[in-house]
Amino acid sequence: MKRPKINIPIVEIPYSDKVKLFIKREDLIHPEISGNKYWKLFFNINHYLENRPENPLIITFGGAFSNHISAVSAIGNLAGIKTLGIIRGEELEKKWTHNPTLVFAKKNGMNLKFVTREEYRHKDKLTEFLQQEFPQALIIPEGGTNKNAVHGVKMMLNNDTKDFDYLCTAVGTGGTLAGISEFCEENQKVIGFKVVDDSSLESKISELTSKQNFYLTDAAYGGYGKINDENVRFINGFKMKFDIPLEPVYTGKMMQKVLEMIDADYFPEGSKILCFHTGGLQGIEGANMLLEKQSRNLII
């Protein structure tokens, strides 16, 4: 993987007179490997290829509409590396052709192995079996979170991000928050917006960063991957007002919670707040499929 030449824009969101709100458009980094996924995979892939494996293979894990699965398949296609996706939910084996994320992954040449939810819960054991079967393979954990990923997230920070008081990111597996926490300026406060109900997240993040400068707040709005009508209304309103698309699992929920916190005067007056748009817009198509089946409003 190469360092992208694009200069990622930081866009001001004119929402409040009391604070200054900005969003860093990491979703624009690459059309198929967007946002934090690019940086979480950057050192994982490059360090693996530096060892020149004879038959390179990348194996990873994800759910039905996983941004991570989508990104890994795209990298494999671009780099000419075989990829294997371990997909949660054996029922998907008979209907993956109706899933836009999995269709995209297959078009990129990714082989898909569907496992039961019980098997998926024991990914450590599954990883051991896979490493024995494919000793030369690079096995990347779900969401791409590991030490290499944390180091890659450092690239999301630069001179343009130094002057902000608060740095905000959605949190799934915790790698992006850990990277921002570890490498941000000493005076900056980091807020992670949990989109998953996982009480172990704080301890997992603490294992990946030496800092204690982060705070976690709930932004699940009913649970991981759950989309309520207010989420859709917010995302569509944000797009129409600020011309910035959001997806409903991560950044959409984070931005919704950030604006609620601004309205509640959580941030001191005069604060500069930077939110990271971590991409994942590919998931909108799948979300709309589910919403349409339920005869609900779609994400524009």
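Tyr48 sits in helix α1, which covers residues 36–50. The model is predicted.

**Exercise 1.** Decide whether Tyr48 is buried or exposed.

*Solution.* 
- Take the relative accessibility of Tyr48: 8%.
- Apply the cut-off: buried means under 20%.
- Tyr48 therefore counts as buried.

**Exercise 2.** Find what surrounds Tyr48, and which backbone atom its side chain reaches.

*Solution.* 
- Set aside the neighbours within four places in sequence.
- The contacts of Tyr48 are then Phe43, Pro53, Asn55, Pro56, Leu57, Gln136, Ala137 and Leu138.
- Look at Leu57: the Tyr48 side chain reaches the Leu57 backbone nitrogen at 3.1 Å.
- Now turn to Ser34, 14 residues from Tyr48 along the chain. The C-alpha atoms of Ser34 and Tyr48 are 21 Å apart.

**Exercise 3.** Work out the strand order of the open sheet, and which strands stand at its edges.

*Solution.* 
- Write down the order of the six strands: β1-β2-β10-β7-β8-β9. The pairing is mixed.
- Check the ends: β1 (10–13) and β9 (214–218) each have a single partner strand.
- So one side of β1 and one side of β9 lack a neighbour in the sheet.

**Exercise 4.** State in which sense β7 and β8 pair, and name the bridge partner of Ala170 in β8.

*Solution.* 
- Recall that strands of a sheet pair through backbone hydrogen bonds, either parallel or antiparallel.
- β7 spans residues 166–171 and β8 spans residues 189–194.
- Their pairing is parallel, over six bridges.
- Ala170 has Phe193 as its bridge partner in β8.

Terms used
Residues numbered from 1 in each chain as written. Predicted model: local features only at pLDDT ≥ 70, side-chain atom pairs only at ≥ 80, totals over all residues. Heavy atoms only, no water. Pairing = 2+ DSSP bridges. Helix = DSSP H or I, 4+ residues; strand = E, 2+ residues; numbered from the N terminus. Buried < 20%, exposed > 50% of the residue type's maximum accessible area, 1.4 Å probe, protein only. Contact = heavy atoms within 4.5 Å. Polar contact = N/O pair within 3.5 Å; in protein donor to acceptor, adjacent residues only side chain to side chain.
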